Amino acid sequence: MNRGPDGKRRSVTIHDVAREAGVSRGTVSRVLNGGHYVSPAAQTAVNNAIRRTGYVVNRHARSLITGRSDSVAFLLTEPQERFFEDPNFNVLLRSCTQELAAQDIPLLLMIAGSEDERRRNLRYIQAGHVDGVLLVSSHSGDPVAGELQAAGVPVVACGKPLGQQARIGYVAADDREGARDMVRYLHASGRRRIATVSGPSDTPGGVERLAGYRETLAECGLPADDLLIATGDYSRTSGEQAAELLLERAPDLDAVFVASDLMAQGVLDALSRAGRRVPEDIAVGGFDDSPAALSTRPRLTTIRQPWDRISKEMVRMLLARIGGEEPAALILPTELVRRDSA
């Protein structure tokens with residue numbers, strides 16, 4: 001804040017920054033809007049002047065000029081309780097927030113777990129209050145991705161947007177190869193009755209990880225057995241229920257590949273109640289390498305998703321889409337993390 005002729009405090013303006021930097025107002029404006037056609041020396045002078053004067057960009061005024069809001073939405077199409085239960089969402093939100101903060105762009109958390117929430121959030125987005133959307137946990141048949149795309153809103157999804165891959169950009173971990181790595185590892189350790197708790201069949205992780213499990217059983221010469229397959233919804237409770245069902249169907253199972261760490265926590269709970277030792281009687285492998293993997297007893301052998309890289313690439317691709325580039329897709333490698341459960 002500066003003081004005017006009457007001694008009262010007033011906001012720092014772009015003119016103050018220009019005077020402090022010794023450049024024109026137009027040069028300051030170009031720096032604030034991306035630095036195009038500005039020399040490195042002038043850019044440095046303006047940035048130093050901004051720091052010295054404490055100038056803060058008037059986003060509302062700039063949005064009137066540029067037609068942009070200078071903000072991005074993190075849209076989670078899951079019920080609110082899932083956001084607080086599943087640590088992956090928090091990790092992804094934090095990393096995306098940090099990546100956008102480096103560009104001085106705020107991130108708005110929006111949850112669309114019900115039809116009313118979906119309509120409300122879509123109205124807000126389509127009204128131009130955000131420049132683009134990071135779409136998280138999209139289910140096949142969910143209309144959100146299609147409605148955003150039809151409205152011309154730049155979107156990048158976390159994971160393959162089933163049914164929309166050709167139209168919407170996305171960043172995904174290699175779910176199928178990660179599952180293959182885990183099943184190969186369990187087989188190499190001597191396990192022969194390898195069960196799985198898959199994710200929902202309308203999610204990319206559910207589809208791809210189950211496919212990787214089936215393919216690797218065939219590769220290892222193990223017969224396919226539907227009695228060894230149970231489905232969960234990525235919650236701890238569903239993992240527990242799935243494990244109980246598997247033990248009832250196939251009491252001789254000696255390993256379980258679980259499609260998320262959170263479900264693996266539930267599997268370990270059920271095995272403990274049943275008196276099965278891990279890994280001596282039954283080996284357990286998870287997927288994600290979320291904080292949940294370190295809180296289990298024993299600690300969870302799992303597949304690591306590169307969350308920091310996923311976040312970085314999602315933000316990069318969304319800013320490119322906002323800038324007019326075509327949708328793109330990127331699949332990132334996973335990593336097997338060996339701990340105590342397998």
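## A partly exposed arginine and its partner

Arg-176 has a relative accessible area of 29%, and is therefore partly exposed. This value, like every other in this report, comes from a predicted model. The side chain of Arg-176 meets that of Glu-215 in a salt bridge, with a distance of 2.6 Å from N to O. Because Arg-176 belongs to helix H9 (residues 175-188) and Glu-215 to helix H10 (residues 204-219), the pair ties together parts that are 39 residues apart in sequence. Glu-215 is likewise described as partly exposed, its relative accessible area being 30%.

Both residues also take part in a network of salt bridges, whose members are Lys-160, Arg-176, Glu-177, Arg-180, Asp-181, Arg-184, Glu-208, Glu-215 and Glu-219. Across the whole structure, a search finds 32 salt bridges. As a general point, side chains of opposite charge can pair when their charged atoms come close.

Another arginine, Arg-304, counts as partly exposed at 31% relative accessibility, and it forms a salt bridge with Asp-289 in which the closest N and O atoms are 2.6 Å apart. This pair links distant parts of the chain, 15 residues apart, since Arg-304 is in strand E12 (residues 302-304) while Asp-289 is in the loop between strand E11 (283-285) and helix H13 (292-295). Is Asp-289 buried or exposed? With a relative accessible area of 17%, Asp-289 is buried.

Arg-304 forms a salt bridge with Glu-335 as well, and here the closest N and O atoms are 3.4 Å apart. Glu-335 counts as partly exposed, at 42% relative accessibility.

## The six-stranded sheet

The model contains an open sheet of 6 strands, arranged in the order E4-E3-E5-E6-E7-E13 with parallel pairing. Strand E4 (107-111) and strand E13 (329-332) are the edge strands, each of which pairs on one side only. From one strand to the next, the twist averages 15 degrees. In general, the strands of a sheet pair through backbone hydrogen bonds, either parallel or antiparallel.

Within this sheet, strand E5 (residues 132-136) pairs with strand E6 (residues 155-158) in the parallel sense, over 4 bridges, and Leu-134 stands opposite Val-156 in E6. Helix H6 (residues 87-101) lies across strand E3 (72-76), E4, E5 and E6, and runs at about 175 degrees to E3.

## Two packed helices

Two packed helices are described by the angle between their axes and the distance between the axes. For helix H11 (residues 236-249) and helix H12 (residues 261-273), the angle is about 45 degrees and the axes are 6 Å apart. At that angle, H11 is oblique to H12, and the crossing of the two helices is right-handed.

Which residues of H11 meet H12? On the H11 side they are Arg-236, Ser-238, Gly-239, Glu-240, Ala-243, Glu-244 and Leu-247, and the residues they meet in H12 include Leu-262, Met-263, Gly-266, Val-267, Ala-270 and Leu-271.

Definitions and conventions: Residues are numbered from 1 along each chain as its sequence is written. This is a predicted model: local features need pLDDT of at least 70, side-chain atom pairs count only at pLDDT 80 or more; totals for chains, interfaces and linings use all residues. Side-chain values use heavy atoms; hydrogens and water are left out. A salt bridge is a side-chain nitrogen of Lys or Arg within 4 Å of a carboxyl oxygen of Asp or Glu. Buried means under 20% relative accessible area, exposed over 50%, partly exposed in between (1.4 Å probe, protein chains only). Two strands pair if DSSP finds at least two bridges between them. Axes are lines fitted to C-alpha atoms, for helices over the stretch in contact, and angles run from 0 to 180 degrees between N-to-C directions. Contact means heavy atoms within 4.5 Å. Angles under 35 degrees count as roughly parallel, over 145 as roughly antiparallel, 65 to 115 as roughly perpendicular and the rest as oblique. A crossing is left-handed if the near helix is turned anticlockwise from the far one by less than a right angle, and right-handed if clockwise.
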